[in-house]
Amino acid sequence: MADSGGVDIKEPLPPGSESDISFSESEIDFVNYDGEHHLPLIMSLVDEELSEPYSIFTYRYFVYIWPNLSLLAFHKGRCVGTVVCKMGEHRDTFRGYIAMLVVIKPYRGKGIATELVTRAIRVMMASKCDEVTLEAEVTNKGALALYGRLGFIRAKRLFRYYLNGVDAFRLKLLFPHPDTSLFRSVNENEINEHHQHSQ
Ligand SMILES: CC(C)(COP(=O)(O)OP(=O)(O)OC[C@H]1O[C@@H](n2cnc3c(N)ncnc32)[C@H](O)[C@@H]1OP(=O)(O)O)[C@@H](O)C(=O)NCCC(=O)NCCS
């Protein structure tokens, strides 16, 4: 999928617009948080799709301190997905944390969330994180499947963790993970393949 800086931002899709949209992977642009003009885009996606309400101060806390860990996915200038993360010391570890992840309905099932998350995890790995954690509702089959596929384990069940009364699983990805190749950039993979061929 393509990396692109300057995108022409459009309004979000109207709520309830659920029909599938056909697009090729190369049409999706992934960009880092790049200023206040991105904030309403992130907020409208998260407010629409996640059960927990967040104040603007919470959003700003994440995106101001870790803009390199907040990514947006655009299709033809329309924001179709976002991930918001942070990292820092936690007890004896340096830990990455995925706070919010959303892809709008017509764009789901095409690998956009996987790409957003793996890009953030690559930054965490490069920053020498020991692990990555997040919480997901125990009923959220899609998110649990997505993170399970990426190698996250269920570390803990948190009773009535969310304001809506639902329990959460704390998911954890430990580094070095046996399949860290998942999080290598294309270029790194190419370099490694090149090395193998030239030996
Ligand atoms: C969860 C969510 C982010 C997934 O976005 P997405 O772009 O559709 O995810 P991907 O296409 O990258 O999915 C990758 C894998 O995750 C799993 N997956 C994703 N959605 C799934 C679903 N609804 N049911 C079962 N498995 C699912 C599959 O294993 C999928 O791989 P496959 O397509 O090869 O089967 C999206 O459904 C969403 O925004 N949901 C609402 C918000 C939310 O729950 N966020 C997560 C909070 S922890």
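How many helices and strands does the chain have? The chain comprises 5 helices and 8 strands, where helices (H or I, at least four residues) and strands (E, at least two) are DSSP runs numbered from the N terminus. Along the sequence these elements follow the pattern β-β-α-α-β-β-β-α-β-α-β-β-α. The model is a predicted one, in which local features need pLDDT of at least 70 and side-chain atom pairs count only at pLDDT 80 or more, whereas totals for chains, interfaces and linings use all residues. Residues are numbered from 1 along each chain as its sequence is written.

The pLDDT, which is the predictor's confidence in each residue on a scale from 0 to 100, averages 87 over the chain, and 81% of the residues score at least 70. Two residues are taken to be in contact if their C-beta atoms, placed from the backbone, lie within 7 Å. Where pLDDT is low, the predicted coordinates should not be read in detail.

Of the 199 residues in the chain, 28% are buried. A residue is classed as buried if 20 or more other C-beta atoms lie within 10 Å of its own, as exposed if 12 or fewer do, and as partly exposed in between, with C-beta atoms placed from the backbone. Among contacts between residues at least 6 apart in sequence, 66% join residues at least 24 apart.

The largest nonpolar core contains 47 residues, a nonpolar core being a set of buried Ala, Val, Leu, Ile, Met, Phe, Trp, Tyr and Cys residues joined through C-beta atoms within 7 Å. Within this core, Val83, Cys85, Ile98, Leu116 and Ala120 have the most contacts. At least two core residues are supplied by each of α1 (39–49), α2 (56–65), β3, β4, β5, α3, β6 and β8 (168–174). When neighbours within four places in sequence are left aside, Ile98 is in contact with Val83, Cys85, Val117, Ala120, Val132 and Leu134. In soluble globular proteins, nonpolar side chains tend to be buried together.

Helix α3 contributes to this core. Its 15 residues should span 21 Å at 1.5 Å a residue, and its end C-alpha atoms are 21 Å apart, in agreement with that value; the expected span is 1.5 Å times one less than the number of residues. The buried residues of α3 are Ile112, Ala113, Leu116, Val117, Arg119, Ala120, Ile121 and Met124. They pack against β2 (28–32), β3 (70–75), β4 (78–90), β5, β6 (131–137) and α4. Lys128, which follows α3, has a positive phi near 70°.

The shell around the ligand consists of 20 residues, of which Arg108, Ala113, Thr114, Gly142 and Leu146 come nearest. A residue is near a molecule or strand if its C-beta atom, placed from the backbone, lies within 6 Å of it. Two or more shell residues come from each of β5 (93–103), α3 (112–126) and α4 (141–149), and α4 gives the most, with 6 residues. By class, the shell divides into 10 nonpolar, 5 polar and 5 charged residues. In this division Ala, Val, Leu, Ile, Met, Phe, Trp, Tyr, Cys and Pro count as nonpolar, Asp, Glu, Lys and Arg as charged, and the others, Gly among them, as polar.

Several loop positions show backbone features of note. Arg91, in the loop between β4 and β5, has a positive phi of about 50° although it is not a glycine. Arg91 counts as exposed because it has 5 C-beta neighbours inside 10 Å. Arg160 lies in the loop between β7 (153–158) and β8 and has a positive phi near 45°. With 10 other C-beta atoms within 10 Å, Arg160 is likewise exposed. A cis peptide bond, with omega about -5°, joins Phe175 and Pro176, and Pro176 is found in the loop between β8 and α5 (186–198).

Asp167 also belongs to the loop between β7 and β8 and is partly exposed, with 14 C-beta neighbours inside 10 Å. Apart from neighbours within four places in sequence, Asp167 is in contact with Val138, Arg157, Leu158, Phe159, Arg160 and Tyr161.
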